[in-house]
Amino acid sequence: IENTRKPFFGFLFFTQALLTFGTIVVALGLALLLTFIYLRRKSAEARLVLNQLEQGNLKARFPIQKFDETGGLLLDFNRMADEIEGLVNRIYLVESTRKNFLQELGHDLRTPLTSIKTSFETLKEHFDKISTADRNTLLNLVDGEINYLNELFDKLMTIANLDEPHY
């Protein structure tokens with residue numbers, strides 16, 4: 001006796017296997033498509049934030065909506081951006097302080113130099129007309145200004161050496 005059910009069950013098994021395989025392929029394709037769309041959107045957000053940072057907007061940050069793996073990375077990036085912003089602000093502060101220091105230094109150097117130059121010119125032009133006591137006063141003034149400049153240069157050298165590793 002020939003069994004007619006075998007081909008039917010074989011066909012049914014083959015059809016079921018084909019449908020299962022097709023469903024898996026469609027599900028994988030759909031999952032890959034959704035992943036691609038999600039990553040493309042995140043990539044566009046990343047480009048937007050990075051472009052803002054490149055243009056000097058140090059306040060640009062990623063919006064964090066979920067605390068999954070991607071959200072964790074975005075949070076780490078935002079923390080890094082906060083640190084960079086703080087470092088840049090400190091650099092601006094140091095640069096501003098340096099400029100102010102150099103302006104004050106220029107003033108502090110000009111004042112004694114002007115006094116020395118004026119005293120020297122007075123002595124040069126009117127040496128014979130100035131009494132010995134006044135000449136000694138001018139020379140003592142020049143000596144005091146030179147000592148002040150010498151102390152100022154010593155302090156500047158100390159400040160310059162503070163950048164050395166042993167300090």
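## Close-up views of a predicted model

**View 1. The buried residues of helix α3.** In helix α3, the buried residues are Leu138, Val142, Glu145, Leu149, Leu152 and Leu156. Here, buried means under 20% relative accessible area, exposed means over 50%, and partly exposed lies in between (1.4 Å probe, protein chains only). This is a predicted model, in which local features need pLDDT of at least 70 and side-chain atom pairs count only at pLDDT 80 or more, while totals for chains, interfaces and linings use all residues. Residues are numbered from 1 along each chain as its sequence is written, and side-chain values use heavy atoms, with hydrogens and water left out.

View 2. Helix α3 covers residues 132–161, which makes 30 residues. Helices (H or I, at least four residues) and strands (E, at least two) are DSSP runs, numbered from the N terminus. From its first C-alpha to its last, α3 reaches 43 Å, close to the 44 Å expected at 1.5 Å a residue; the expected span is 1.5 Å times one less than the number of residues. The buried residues of α3 pack against α2. Leu152, for instance, touches Asp108 and Leu109, leaving aside residues up to four places away in sequence; contact means heavy atoms within 4.5 Å. Thr114 sits in helix α2 (residues 69–126) and is partly exposed, at 48% relative accessible area. Its C-alpha atom is separated by 9.7 Å from that of Glu145, 31 residues apart along the chain.

View 3. Which residues make up the largest nonpolar core? Its seven residues are Leu105, Leu109, Ile116, Val142, Leu149, Leu152 and Leu156. Such a core is a set of buried Ala, Val, Leu, Ile, Met, Phe, Trp, Tyr and Cys residues joined through side-chain atoms within 4.5 Å. Helices α2 and α3 each supply at least two residues of this core, and α3 gives the most, with four residues. Apart from it lies another core of six residues, including Val49, Ala60, Phe77 and Ala81. In soluble globular proteins, nonpolar side chains tend to be buried together.

**View 4. Aromatic rings.** There is one aromatic pair in the count. The ring centres of Phe62 and Phe77 are 4.8 Å apart and the planes stand at 70°, so the pair is edge-to-face. Phe62, in the loop between α1 (5–54) and α2, and Phe77, in helix α2, are 15 residues apart, and the pair links distant parts of the chain. For the rule, rings of Phe, Tyr and Trp (its six-membered ring) pair if their centres lie within 6.5 Å; planes under 30 degrees apart count as stacked, over 60 as edge-to-face and the rest as tilted. Both Phe62 and Phe77 are buried.

**View 5. Salt bridges.** The count comes to seven salt bridges, each a side-chain nitrogen of Lys or Arg within 4 Å of a carboxyl oxygen of Asp or Glu. One of them joins Asp82 and Arg61 (2.6 Å, N to O). This pair links distant parts of the chain, with Asp82 in helix α2 and Arg61 in the loop between α1 and α2, 21 residues apart. Arg79 and Asp76 form another, their closest N and O atoms being 2.5 Å apart. These two are three residues apart in helix α2, so about one helical turn separates Arg79 from Asp76. Glu83 also forms a salt bridge with Arg90, at 3.9 Å between the closest N and O atoms. Shared partners join Lys59, Arg61, Asp82 and Glu85 into one network of salt bridges.
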